[in-house]
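My entries follow the model below.

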Amino acid sequence: MSSPIPLDYTTSYGSSVNYPDAGQRVSTNGPLLLQDFHLIDNLAHLARERIPERLVHAKGAGAYGYFEATKDLSDITSQTLFRPGRRAEATVRFSTVSGEMGSADTARDLRGFAIKLKTEQGNLDWVLLNTPIFFIRDPGKYADLTHATKRHPQTNLKDHDMFWDFFSSNPETVHEIMIFFSDRGTPDGFHQEHGHAGTTFKWCKEDGTFHYVKLHVKAVGGFKTLTAAEATTLAGTNPDYGTQKLYNAIKNGDYPRYTVYIQTMTPQQAEGEYRNIALDVTKVWPHALFPLREVGKLVLNRNPENYFDEIEQLAFAPAHLIPYIEHSPDPLLQSRLFIYPDTQRYRLGVNNEQLPCNMPIRKFGNFQRAGAASFVSQGSRPNYLSNIFQPLNFDGPTGAIDSQIRNNHRQEHFDGSVYRDLSEITVDDFVQPRDLWLRVWNDKERETFVENVSDHLKVVQNKRIQYNQLLVFCQVDSDLALRVARAINFDGFQCPTN
Ligand code: HEM
């Protein structure tokens with residue numbers, strides 16, 4: 001029995017097809033005909049369905065909702081989105097980081113939490129992680145970090161020696177490693193987690209003044225985690241656990257809700273007493289010194305109709321900012337300003353902002369034209385800076401454009417010399433991890449960390465790598481290091497005495 005013919009079934013160019021799956025052959029037992037455009041077109045399209053998956057954060061799930069400002073932040077920024085009652089449509093994508101597209105949602109990993117706000121002033125992307133810090137602060141180490149946490153070039157396996165060789169050689173990672181191997185490394189699904197910008201941005205005012213800002217998006221009801229055993233079981237029984245849980249929550253009207261907060265630091269604080277933490281993404285800003293200030297709420301209330309079109313093709317970038325929200329000079333952030341749009345030009349094409357999921361609601365008008373898949377026409381608008389067709393508002397040194405440029409220049413002062421910079425590891429790098437170990441975690445949490453990290457570290461073949469990582473743990477706390485050494489059966493290990 002042949003299957004029913006869908007109504008309005010057409011070729012990709014809109015011509016009716018009466019027999020969708022029937023190919024043209026010579027006679028009933030002869031070869032296929034190349035002239036059967038529809039059949040050939042279907043096969044050719046299928047062969048091109050896959051696009052490169054994201055370099056990192058390949059596995060994910062997404063949803064729609066809205067952001068609504070609940071507090072007035074006019075003392076911090078002239079951006080009017082942050083005035084009570086102002087709303088913006090939001091598209092959110094949650095993700096794991098180092099696994100491929102088909103990997104398990106419950107893998108031990110960081111989680112991405114990317115939010116695209118479509119505002120009347122353009123798109124504002126908040127590209128967050130579920131941890132308030134990151135492994136490294138030097139952008140030059142990012143490619144190494146990514147390689148070490150992905151597959152070995154020869155075996156094509158995840159490789160414990162490679163993983164720990166990288167982390168033990170870069171001790172500033174220990175703060176994030178401690179969170180990674182706590183139960184926070186295995187969130188219960190995608191959406192029951194917080195999002196943190198980690199990197200510092202600037203929220204500015206019309207008068208040229210600004211605050212450094214760290215953004216936090218906190219799940220109402222707190223974040224939920226799985227134990228290592230639960231996460232491992234789920235990875236086998238339901239690898240899409242997080243995706244399914246998010247989809248069902250929204251379908252059943254149990255909408256994920258979040259409160260958005262900022263922490264603020266003045267430029268004077270950043271240049272003075274708090275210089276070591278202001279722009280270092282391996283460090284938190286202690287809440288006692290930099291309290292959370294409410295900004296608004298985020299609600300997710302609609303599932304996408306089509307994952308590929310609406311979620312896979314999303315292009316998030318920390319460079320997508322709106323007026324008065326600016327990047328800081330943090331070099332890690334600066335490198336991200338480049339690489340996200342660059343991966344997206346490769347992954348989605350040079351006109352990826354024209355895809356409906358990425359299109360700003362504010363009609364864009366610039367001098368970029370053509371390129372593959374350009375379908376949002378700017379019509380006959382000039383494609384260069386024309387003083388005839390659209391006279392510029394430029395009236396000499398006191399004109400509007402000039403004063404705006406000068407305002408930006410006033411904000412920060414930089415030394416003009418050029419030099420190579422790789423941060424040094426100092427005792428400061430172990431203060432916050434030690435605090436986490438000694439004061440923030442309880443006995444149970446310390447025990448869980450030792451168990452989780454040891455299960456991973458004991459698989460390492462090269463004793464030297466294990467030794468190097470134990471030395472890093474010694475810098476945090478000798479009891480921590482000795483407990484891990486015992487758990488991985490590293491006989492006779494002692495922390496060096498200074
Ligand atoms: C030097 C440091 C970093 C580099 C070079 C980097 C690079 C990248 C790249 C290339 C992608 C894939 C983008 C795409 O194909 O669309 C990505 C995705 C992502 N990154 Fe980073 N990243 C860095 C650090 C961070 C940090 C510190 C955060 C947040 C605090 C973060 C959050 C995310 C998120 C949430 C995604 C997934 C976005 C999505 O769902 O499409 N990354 N990153």
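Before starting, I wrote down that a polar contact is a pair of N or O atoms within 3.5 Å; within protein, one must be able to donate a hydrogen and the other to accept it, and residues adjacent in sequence count only if both atoms are side-chain atoms. With that in hand, I found an oxygen atom of the ligand 3.3 Å from an N or O atom in the side chain of Thr343.

I noted that the model is predicted, with local features needing pLDDT of at least 70 and side-chain atom pairs counting only at pLDDT 80 or more, while totals for chains, interfaces and linings use all residues. Residues are numbered from 1 along each chain as its sequence is written, and side-chain values use heavy atoms, with hydrogens and water left out.

Entry: A polar side-chain atom of Arg347 is 2.8 Å from an oxygen atom of the ligand. For Tyr340, an N or O atom of the side chain lies 2.6 Å from a nitrogen atom of the ligand.

**Entry: iron.** Which residue donates to the iron atom of the ligand? I found Tyr340 as the only protein donor, through OH at 1.9 Å. Donors here are N, O and S atoms within 2.8 Å of the metal (3.2 Å for Na, K and Ca); water is not among the atoms, so sites may look incomplete. Tyr340 sits in helix 10, residues 331–347. Helices (H or I, at least four residues) and strands (E, at least two) are DSSP runs, numbered from the N terminus.

**Entry: shell.** I found 24 residues around the ligand, with Arg54, Arg93, Tyr340, Gln344 and Arg347 the closest. A residue is near a molecule if one of its heavy atoms lies within 4 Å of it. Helix 10 gives the largest share of this shell, 8 residues.

**Entry: disulfide.** I counted 1 disulfide, taken as a pair of cysteine sulfur atoms within 2.5 Å. Cys474 is joined to Cys495, S to S 2.0 Å. Cys474 lies in helix 14 (residues 463–476) and Cys495 in the segment after helix 15 (478–487), so the bond ties together parts 21 residues apart in sequence. The torsion about the S-S bond is about -85°, so this disulfide is left-handed.

**Entry: burial.** Are Cys474 and Cys495 buried or exposed? Both are buried, where buried means under 20% relative accessible area, exposed over 50%, and partly exposed in between (1.4 Å probe, protein chains only). I also looked up Cys204, which counts as buried at 1% relative accessibility, and Cys357, buried with a relative accessible area of 9%.
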